[in-house]
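Here's a short tour for anyone meeting this structure for the first time. Have a look at it, then read on.

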Amino acid sequence: RVHMKSNVLSRFHNDKDRRDFISAGAAAGLAAAFGAPIGGVLFALEEATSFWSPKLTWRCFVCTIITTFSLAALKQPYFQALGTAGLLSFG
């Protein structure tokens, strides 16, 4: 077992916090891949979440919005349009 001395990771001591963090990460990953923040939240609630709560829904939604806008801002100089959010494009 690896022991890290970090204040950032110190608040994830129990399993509930870890599950919530993983759910938000799964939602953000799907939102980044497809440019669909609400789809990321729904995926996280269906597949990655053990117990649903409104607080977790809002946390996942904020993560997906930040991810989608960050990716769009990073891609904007290359594609000149914010409408092409997401790493995968089928059109």
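Predicted model: local features only at pLDDT ≥ 70, side-chain atom pairs only at ≥ 80, totals over all residues.

"Buried" here means under 20% relative accessible area, "exposed" means over 50%, and "partly exposed" is anything in between, using a 1.4 Å probe and protein chains only.

Helix 2 is twelve residues long and spans 15 Å from its first C-alpha to its last, close to the 16 Å expected at 1.5 Å a residue. That expected span is 1.5 Å times one less than the number of residues.

## The overall layout

Zooming out, the protein chain has three helices and zero strands, giving the pattern α-α-α along the sequence. Helices (H or I, at least four residues) and strands (E, at least two) are DSSP runs, numbered from the N terminus. Buried residues account for 25% of the 91 residues in the protein chain.

As for contacts, meaning heavy atoms within 4.5 Å, take those between residues at least 6 apart in sequence: 51% of them join residues at least 24 apart. Residue numbers start from 1 along each chain as its sequence is written. Local features need pLDDT of at least 70 and side-chain atom pairs count only at pLDDT 80 or more, while totals for chains, interfaces and linings use all residues, and side-chain values use heavy atoms, leaving out hydrogens and water.

Helix 1 has 20 residues and reaches 29 Å between its first and last C-alpha, close to the expected 28 Å. Its buried residues are Asp 20, Ser 23, Ala 24, Ala 27, Ala 28, Ala 31, Ala 32 and Ala 33. After helix 1 comes Gly 35, which has a positive phi, near 70°.

Which residues make up the largest nonpolar core? There are six: Ala 24, Ala 27, Val 41, Ala 44, Leu 56 and Cys 60. The elements giving two or more residues to this core are helix 1 (15-34), helix 2 (37-48) and helix 3. A nonpolar core, by the way, is a set of buried Ala, Val, Leu, Ile, Met, Phe, Trp, Tyr and Cys residues joined through side-chain atoms within 4.5 Å.

## Two residues to look up

Ser 23 is in helix 1, and it's buried, with a relative accessible area of 1%. Setting aside neighbours within four places in sequence, Ser 23 is in contact with Ala 44, Ala 48, Thr 49, Leu 56 and Cys 60. Ser 23 and Leu 56 are 33 residues apart along the chain, with 8.4 Å between their C-alpha atoms.

Over in helix 3 is Thr 68, also buried, at 11% relative accessible area. Thr 68 and Ala 36 are 32 residues apart in sequence, and their C-alpha atoms are 7.5 Å apart in space.

Trp 58 is exposed at 58% relative accessibility, whereas Phe 61 is partly exposed at 29%.

Why are there zero disulfides? The sulfur of Cys 60 is 6.5 Å from the closest cysteine sulfur, in Cys 63, which is too far for a bond; a disulfide is a pair of cysteine sulfur atoms within 2.5 Å. Cys 60 is buried at 0% relative accessible area, and Cys 63 is partly exposed at 29%.
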